[in-house]
Amino acid sequence: MGSRVINPHEELKDIIGHLRNLMVMDREIGLDPPKLSPSSLDYLDTRPAHLSSLEDLRDFVGDCKRCKLCHGRTHLVFGEGSAKARLVFVGEGPGREEDLAGRPFVGEAGRLLSKIIENGMGLKREEVYICNVVKCRPPQNRDPEEDEIEACLPFLKQQLRIISPEVICTLGRIPAQALLSREFRITRQRGQWYSFLDISVMPTYHPAYLLRNPAAKREVWADAQEIMRTMGLEVKRHV
Ligand code: SF4
């Protein structure tokens, strides 16, 4: 296992989130939590850390309006796949086809991801779990902005806690920066092991990048093989 990128900002945010959850629980069982304004208490209620199934989490997310991406979406794209997946793929956010379908990775890049999963790794798409950092489509497919990522990240974290996979494979720069480090450089740092919520993370390129740069498929295949070895899957020589 390679070096872990330590991100004190993320660690502190996690600790603060944990304290908030404890305060919400106090309130629920009738204890008096430290004095907070009504708006702060409302904010605490938006944290999903007490939910233990994907269905409950999806209900909790509901018709979310926690960030401005809600305005342009057709569908909120929560994620799909097995709740017991050993491997979770995390992309950046829904594109046009995903927004229309309400499902992640269904466009051209999604078909390439399915090929990597099924033809390359020998898994079924339904066996893994596929989701994104933000659940609503950014306009014109721009990068999600920091406040949008921050608003949506608790949902992704809770998805990962519930599924508790052996491996997370991040696709492209945005999810690696959201989960590992804001300074993460995908071209220099992909292909090594990191850790998030004590789960092994393998960052690789986004399939959309592979459509523009087919030569990078070699690196993605190397990263996929590394994941397969870690999961004890049979590694084929060729895709
Ligand atoms: S992107 Fe996430 S936080 Fe923003 S509205 Fe959609 S579900 Fe809510």
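1. Start with the loop between β5 (194-196) and β6, where D198 is found; helices (H or I, at least four residues) and strands (E, at least two) here are DSSP runs, numbered from the N terminus. D198 is not a glycine, yet has a positive phi of about 65 degrees. At 76% relative accessibility, D198 counts as exposed, where exposed means over 50% relative accessible area, buried under 20% and partly exposed in between (1.4 Å probe, protein chains only).

2. A word on what we are looking at. This is a predicted model, in which local features need pLDDT of at least 70 and side-chain atom pairs count only at pLDDT 80 or more, while totals for chains, interfaces and linings use all residues. Residues are numbered from 1 along each chain as its sequence is written, and side-chain values use heavy atoms, with hydrogens and water left out.

3. Now the overall picture. The protein chain has ten helices and six strands. Of its 239 residues, 48% are buried. Take the contacts (heavy atoms within 4.5 Å) between residues at least 6 apart in sequence: 66% of them join residues at least 24 apart.

4. N141 is another residue to check for its backbone. N141 sits in the loop between β3 and α6, and its phi is near 55 degrees, a positive value in a residue other than glycine. With 44% relative accessibility, N141 counts as partly exposed.

5. N141 also turns up beside G95. G95 belongs to the loop between β2 and α4 and is buried, at a relative accessible area of 14%. Setting aside neighbours within four places in sequence, G95 is in contact with R137 and N141. Its C-alpha lies 9.8 Å from that of A109, which is 14 residues away along the chain.

6. Have a look at N132 too, in strand β3 (residues 129-132). What is its relative accessible area? The value is 1%, so N132 is buried. A polar atom of the N132 side chain lies 3.3 Å from the backbone nitrogen of G93. Beyond neighbours within four places in sequence, N132 is in contact with V90, G91, E92, G93, P94, P104, F105 and L156.

7. On a 1 Å grid over the protein atoms alone, a pocket is an open set of points where a 1.4 Å probe fits, with protein on both sides within 12 Å along at least five of seven lines, and lining residues have an atom within 4 Å of a point. The volume of the largest pocket is about 670 Å³, taken as the space filled by probe spheres set on the points, with grid points joined across faces, edges and corners. Its lining has 26 residues, and E92, G93, H206, A208 and R212 lie nearest the centre.

8. Which helices each supply at least two residues of that lining? They are α4 (96-101), α5, α7 (173-179) and α9. By class, the lining of the largest pocket has nine nonpolar, eight polar and nine charged residues. Here Ala, Val, Leu, Ile, Met, Phe, Trp, Tyr, Cys and Pro count as nonpolar, Asp, Glu, Lys and Arg as charged, and the others, Gly among them, as polar.

9. Just after α10, G232 takes a positive phi of about 75 degrees.

10. In α10, V220, W221, D223, A224, Q225, I227, M228 and M231 are buried. An α-helix has 3.6 residues a turn, so residues three or four places apart point the same way. The cover over the buried residues of α10 includes β2 (87-91), α5 (108-120), β4 (167-171), β6 (199-204) and α9 (207-212).

11. A222 is also in helix α10, but counts as partly exposed at 35% relative accessibility.

12. Last, R161 in helix α6 (residues 146-163). R161 is partly exposed, at a relative accessible area of 39%. Its side chain makes a polar contact with the side chain of Q158 (2.9 Å); a polar contact is a pair of N or O atoms within 3.5 Å, and within protein one must be able to donate a hydrogen and the other to accept it, while residues adjacent in sequence count only if both atoms are side-chain atoms. R161 and S53 are 108 residues apart in sequence and 9.6 Å apart in space, C-alpha to C-alpha.
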